[in-house]
Amino acid sequence: MFQSRIASKVILYAFFFLLFFPCFTLSAKNIPSYDSLTELNAKFENTKWHGFLRFLDAELGHRINGMSEIKKYFHRFGYLDKDSLDHDDEISNLNDIFDAKFELAVEKYQKNLGLHKTSKLDKETMQSIMSPRCGVSDHSHTLSHVMQHYEYFNGEPKWTRNTLNYAFSPNNTIDFINSSDIKLAIQRAFGRWSEVIPVNFIETQSYSTADIKIGFYNGDHGDVYPFDGVLGVLAHAFSPEDGRLHFDSDEKWSVDFNLQKSKHAVDLESVAMHEIGHILGLGHSSVKESIMYPIISLRSKKVNLRLDDVAGVQALYGSNPDFNFTSFLESEHSSGWSIDLHRRSSSKWVTTFSIVGLVVSLIL
Ligand SMILES: [Zn+2]
Ligand SMILES: [Zn+2]
């Protein structure tokens, strides 16, 4: 009787060992720390990419069940293109091995998102991957201005007119925010871009003829970029001169965090600022503080253009004659950007801007 109980226990342990062994082969030293796991778990509980938490601290050579899902994420946002896959390794049939090609993709991601290069799915990288973000791919166009961080779409498309009309879809909207509040938030966002470039945005009621068409959609909505419910992808927009700007209607959109109490609340104006950058022709930036950084924090407002955004958009459209670069630089300094300016002091743009600023201050 006693022996049979021991035998059944051994069988039970063996069963669980065999059950988990093939799907989790990380060596003991690579098991993520309890603190990292609990912190990320608390932060991203029940959010879109929460399941990715099990890949924390994975690195070259590891095999973890379901890793193909995170590879799909990397492919979707421009990090595992066809060229970096084996011929027989189609996107629909990705394997679960952290191989050399995936390591390159992780390194590229860390570089593009301004993260520390560790070549593994460390805490900082996982936090970035699991955060809500823009649906536009991070890979736009490699530019000659290597010292800057902004990017454009392929071919550097831009609008050829200086006055652009925008309209809201009469059918694709949300009902939990007053439509006049939505319009005011979007108007403010357009206004901030207008302040720095000689382009005007005017609201029109004629949706069908508008240059920029704004709407709230959920799931599959007719373009090839379906939305994914709460968090994950928040919005996307198309490059010039397409003009489509889509928000995921499933998000907990907010124009006032006192009214929108959800912990998953996303500031509409902040996301609009970012998507209008795409509408104008900007890709993603690796500068975390910039509007064109692809990730946004929940329950936070980020509506002020940064030097990287201004440099990028002015390189396309020129400067608004009323734009005062000196006072802009002063506000950048007062908001703690002096350190970053110093770090990028060899940048052609920063140098040019500094000289212009100096000349302007001398004249004044
Ligand atoms: Zn974006
Ligand atoms: Zn869309």
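In this predicted model, Glu 251 is placed in the loop that runs between β6 (244-248) and β7 (252-254). Glu 251 counts as buried because 25 other C-beta atoms lie within 10 Å, and, leaving aside residues up to four places away in sequence, Glu 251 touches Val 230, Leu 234 and Val 266.

According to the unreviewed UniProt entry, the annotation "binding site" covers Glu 251 together with Asp 175. Although these residues are spread over 77 residues of sequence, they cluster in space, with a largest C-alpha distance of 12.2 Å. Asp 175 lies in the loop between β2 (163-168) and α6 (179-194), and Asp 175 counts as exposed because it has 8 C-beta neighbours inside 10 Å.

Elsewhere in the chain, helix α4 (residues 100-112) has 13 residues and reaches 18 Å from its first C-alpha to its last, which is close to the 18 Å expected at 1.5 Å a residue. The buried residues of α4 are Phe 102, Ala 105, Val 106, Tyr 109, Gln 110 and Asn 112. Because they cover an arc of only 165° around the axis, they sit on the same side of α4. Their cover includes α3 (67-76) and α5 (123-130), whereas Ala 100 and Lys 111, on the other side of α4, are exposed. Just after α4, Gly 114 takes a positive phi of about 70°.

How values were computed
Residues numbered from 1 in each chain as written. Chains lettered and ligands numbered in written order. Predicted model: local features only at pLDDT ≥ 70, side-chain atom pairs only at ≥ 80, totals over all residues. Helix = DSSP H or I, 4+ residues; strand = E, 2+ residues; numbered from the N terminus. Expected span 1.5 Å × (residues − 1). Buried ≥ 20, exposed ≤ 12 C-beta atoms within 10 Å, placed from the backbone. Arc of directions from axis to C-beta. Contact = placed C-beta atoms within 7 Å. UniProt positions renumbered as here; feature names shortened; annotations may be inferred.
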